[in-house]
Amino acid sequence: MEATTSISLYAHVIIKLLQGPIYVDEKLVWRDLQSWQSAIQDYFGKIGIQLLINEVDGFARIMQPEPDENEENPLPRLMRKQTMNYETTLLCVILREMLEEFDIKSEGTKLFLTQKDIKERIELFYKEQTNKSKLWKELSKPINSLQNIGILKLTRDDAVNKDNNQYEVKRILKALVNNDKLEQIKNKLGTYVNTIQQQ
């Protein structure tokens, strides 16, 4: 007869973290995360995963460190790296800058943007109307991509006019794109735009 294994009291937190980041406004899960923090860290540590909790921005996530170059038997990747195309990368940079501006100017904690707000910021980036128009037509693609990886969350859906769709910019973006990485991406995008405009 097989012995039954009792389910851990913090199993739901483990599963949520495997699904994506946990935010402070998910009050019950956040409370349990804090209550069982040491045990959860030990659990992930045994399989080479780090638990990162950002109390300031109010989110927690797991991360798999890159293996050492000299490591003979590196662990398989649990989380696949996301490769983003130019439009999605550009949108990431724009949202990251808008989040930074929001934190400086506002006392609030959540940044909400309409699709129209995003378009207006893209307009400042593009000098060429043809390039800008193409991105506007296909804006749903990079927005959907960022929704899928938990950077954007749809909070109001307007079926008649998509410009009125409202999104929350999740603070996980600050962890995924820190200041150093932001500058690196902006430099690469600048080089790309200059190349396109010279053609």
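Among contacts in the protein chain (heavy atoms within 4.5 Å) between residues at least 6 apart in sequence, 56% link residues at least 24 apart. The model is predicted, so local features need pLDDT of at least 70 and side-chain atom pairs count only at pLDDT 80 or more, while totals for chains, interfaces and linings use all residues. Residues are numbered from 1 along each chain as its sequence is written, and side-chain values use heavy atoms, with hydrogens and water left out.

**The chain as a whole**

- The protein chain has 9 helices and 6 strands, taken as DSSP runs numbered from the N terminus (helices are H or I, at least four residues; strands are E, at least two).
- Of its 199 residues, 33% count as buried, where buried means under 20% relative accessible area, exposed means over 50%, and partly exposed is in between (1.4 Å probe, protein chains only).

**The nonpolar cores**

- The largest nonpolar core holds 25 residues, and Leu95, Ile118 and Val169 have the most contacts inside it. A core here is a set of buried Ala, Val, Leu, Ile, Met, Phe, Trp, Tyr and Cys residues joined through side-chain atoms within 4.5 Å.
- Two or more residues come from each of α4, β4 (111-114), α5 (115-125), α7, β6 (166-169) and α8 (172-176).
- Helix α4 gives the largest share of this core, with 9 residues.
- Look at isoleucine 118: setting aside neighbours within four places in sequence, it is in contact with Leu91, Leu95, Leu113, Leu139 and Ile143.
- Another core lies apart from this one; it has 14 residues, including Tyr10, Ile22, Ile40 and Leu51.

**Where α4 meets α7**

- Helix α4 (residues 86-105) packs on helix α7 (residues 140-148) at an angle of about 70 degrees, and their axes are 9 Å apart. Axes are lines fitted to C-alpha atoms, for helices over the stretch in contact, and angles run from 0 to 180 degrees between N-to-C directions.
- That makes α4 and α7 roughly perpendicular to each other, the word used for 65 to 115 degrees (under 35 is roughly parallel, over 145 roughly antiparallel, and the rest oblique).
- On the α4 side, the contact is made by Glu87, Thr88, Leu91, Cys92 and Leu95; on the α7 side, by Pro142, Ile143, Ser145 and Leu146.
- Sorted by class, this contact has 6 nonpolar, 2 polar and 1 charged residues. Ala, Val, Leu, Ile, Met, Phe, Trp, Tyr, Cys and Pro count as nonpolar, Asp, Glu, Lys and Arg as charged, and the others, Gly among them, as polar.
- Threonine 88 lies in α4 and counts as buried, at 4% relative accessibility.
- Not counting residues up to four places away in sequence, threonine 88 touches Pro142, Ser145 and Leu146.

**Where α1 meets α2**

- Helix α1 (residues 11-19) and helix α2 (residues 27-35) cross at roughly 110 degrees, with axes that come within 9 Å.
- So α1 and α2 are also roughly perpendicular to each other.
- His12, Val13, Lys16 and Leu17 of α1 make the contact with Val29, Asp32 and Leu33 of α2.
- By class, the contact of α1 with α2 has 4 nonpolar, 1 polar and 2 charged residues.

**A residue in β2**

- Glutamine 50 sits in strand β2 (residues 50-54) and is partly exposed, with a relative accessible area of 34%.
- Glutamine 50 and glutamine 64 are 14 residues apart in sequence, and 6.2 Å apart in space from C-alpha to C-alpha.
- Leaving aside neighbours within four places in sequence, glutamine 50 is in contact with Arg61, Ile62, Met63 and Pro65.
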